[in-house]
Amino acid sequence: MKVTTMTKIYLVGAGPGDPDLLTVKALRLIQTAETLVYDRLVSREILDLVPDGVSRIYVGKAPGRHTLSQKEISALLVSLAEKGQRVVRLKGGDPFIFGRGGEEALMLARHNIPFEVVPGITAAQACAAYAGIPLTHRGMAQGVRFITGHRKENATLAIDAATLADPEQTLVIYMGLANLPLIVRDLLDAGRAADTPAAIVEHGTTARQRSIVTTVAQLQKAVEQNNIESPAMLIIGAVVALSQELDWFMPVAQEMELRYG
Ligand code: SAH
């Protein structure tokens, strides 16, 4: 295989949406790429930072509707590398947290294609920060778990009941909307109190961010009443109650609306 010395694939995390949350390294790479391969969750404001001369390939996956399969995406990266392209593979949040970046990196490693991984701020951290929810807090939460709500049909959450029930563990659930009733059922079955504070953060860190605070038992109703759509993050635990005092984002959202429209 003819991999030139210029060839390198950068697996880059774009963060959750707010372009100010890009790392300096991510920005530098985006601005010097030859080809950008990007996902649905990469925000328009971030794409606006890509210079005109960079060719862009969209491989977005809307829930249940895939443009390219994961295998095809990996194969695309390999073929771009073989052409000697300097490629930025830009993913929402962090590439190695529920981003299938590991699969793409393995494919590159197995083809002896040089690559670098640039971490991004993952949606769990970002949504919590922008909703005024400290994920750990002395006396309230000693730990935090990042969980996926995605599951095979009829499967339960792949987390032990003790963790699900532990009142001092904050749970942050990615991709939780589709299976929300099952998730709530698992939490309650595991023994988590029904009145545990729970937040839904939709379009986190963008001008369109909405954060709704309710309880575990009322989660599904809150999602329906507010017409919550993807992407949204669920945060569960006593710390959610702190957002009442710590919510700082509303005035900033208005500034962002003016800046980015
Ligand atoms: N690699 C990404 C996660 C991809 S999984 C990361 O590290 O953040 C996609 C899920 O992430 C969505 O279903 C949603 O639950 C969550 N998500 C991503 N961006 C989000 C945002 N701006 N606001 C709320 N949730 C978000």
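Trainee: What does R100 count as at 39% relative accessibility, buried or partly exposed?
Mentor: At 39% relative accessibility, R100 counts as partly exposed, where buried means under 20% relative accessible area, exposed means over 50%, and partly exposed is in between (1.4 Å probe, protein chains only). This is a predicted model, in which local features need pLDDT of at least 70 and side-chain atom pairs count only at pLDDT 80 or more, while totals for chains, interfaces and linings use all residues. Residues are numbered from 1 along each chain as its sequence is written, and side-chain values use heavy atoms, with hydrogens and water left out.

Trainee: Ok, and which side chain does R100 meet in a salt bridge?
Mentor: The partner of R100 is E103, at 2.9 Å from N to O, a salt bridge being a side-chain nitrogen of Lys or Arg within 4 Å of a carboxyl oxygen of Asp or Glu. E103 also counts as partly exposed, at 38% relative accessibility. Elsewhere, salt bridges that share partners join D39, R89, K91 and E104 into one network.

Trainee: How far apart are the closest N and O atoms of K91 and E104?
Mentor: They are 3.2 Å apart in the salt bridge between K91 and E104. K91 lies in strand β6 and E104 in helix α4, so this pair ties together parts that are 13 residues apart in sequence; helices (H or I, at least four residues) and strands (E, at least two) are DSSP runs, numbered from the N terminus.

Trainee: Are K91 and E104 buried or exposed?
Mentor: Both K91 and E104 are buried. In the salt bridge of R44 with E45, where the closest N and O atoms are 3.7 Å apart, R44 is partly exposed at 45%, whereas E45 is buried at 16%.

Trainee: New topic: what domains is the protein divided into?
Mentor: An automatic or database domain assignment gives the bounds, with domain 1 covering 5–118 and domain 2 covering 123–246. Their C-alpha centres lie 28 Å apart, and the contact (heavy atoms within 4.5 Å) takes 9 residues from domain 1 and 13 residues from domain 2.

Trainee: How much area is buried between domain 1 and domain 2?
Mentor: It is about 800 Å², of which carbon and sulfur atoms give 70%, counted as the accessible area (1.4 Å probe) that two parts lose on being put together, summed over both. On the domain 1 side, P16, D18 and F98 supply 55% of the area that this domain buries against domain 2, more than any other three residues.

Trainee: And how many salt bridges are there between domain 1 and domain 2?
Mentor: The count between domain 1 and domain 2 is 0.
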